[in-house]
Amino acid sequence: MPQDPAVIQRQIEQTRAELAETVDAIAEIVSPRRVAERANEQIRVKVGELRERLVPAGSSPRPAALPGGRAGHQDAEGGLAAAGSSGISGKGVPTEVVRTVRWERVALASAVFLLAVGARRRRRRR
């Protein structure tokens, strides 16, 4: 079954083009930037789910117990803040310390942690 060289050449070119598309798709999937974006999105979803569990839709945020027996409340930026007396000012009046959880920082730190764990696992496999 001899084939025409021009037909064979077209088949080779078509196969090369398909292979290039496949390699590009694989590179897109495993690129560090895309992996980080997917991890960040997964963390955002999980944080959103946790927020929904803690403060169901339609209800007002309630103070939450935090370590040290302090009560928390939602701050203006949507973070969880803890307020409590933690000292005496110069006039003998107790001062108030407010601690705020910044959810975007939690998500970023979690993404960095996941990337570090993934990189370490990848090194161990080699």
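A salt bridge here is a side-chain nitrogen of Lys or Arg within 4 Å of a carboxyl oxygen of Asp or Glu. This is a predicted model, in which local features need pLDDT of at least 70, side-chain atom pairs count only at pLDDT 80 or more, and totals for chains, interfaces and linings use all residues. Residues are numbered from 1 along each chain as its sequence is written, and side-chain values use heavy atoms, with hydrogens and water left out.

The structure has 4 salt bridges. One of them joins arginine 33 to glutamate 37, at 3.6 Å, N to O. These two residues both belong to helix H2, 4 residues apart, or about one turn of the helix. Helices are DSSP runs of H or I, at least four residues, numbered from the N terminus.

Now the packing of H2. Axes are lines fitted to C-alpha atoms over the stretch in contact, with angles from 0 to 180 degrees between N-to-C directions. The axes of H1 and H2 come within 5 Å and cross at roughly 50 degrees. In contact, meaning heavy atoms within 4.5 Å, Glu28, Ile29 and Val30 of H1 meet Pro32, Arg34, Val35 and Arg38 of H2.

On to H3, residues 103–125. Its axis and that of H2, residues 32–54, come within 9 Å and cross at roughly 135 degrees, so this pair is oblique as well. From H2, residues including Val35, Ala39 and Ile43 take part in the contact; the H3 side includes Trp103, Ala107 and Leu114.

Conventions
Angles under 35 degrees count as roughly parallel, over 145 as roughly antiparallel, 65 to 115 as roughly perpendicular and the rest as oblique.
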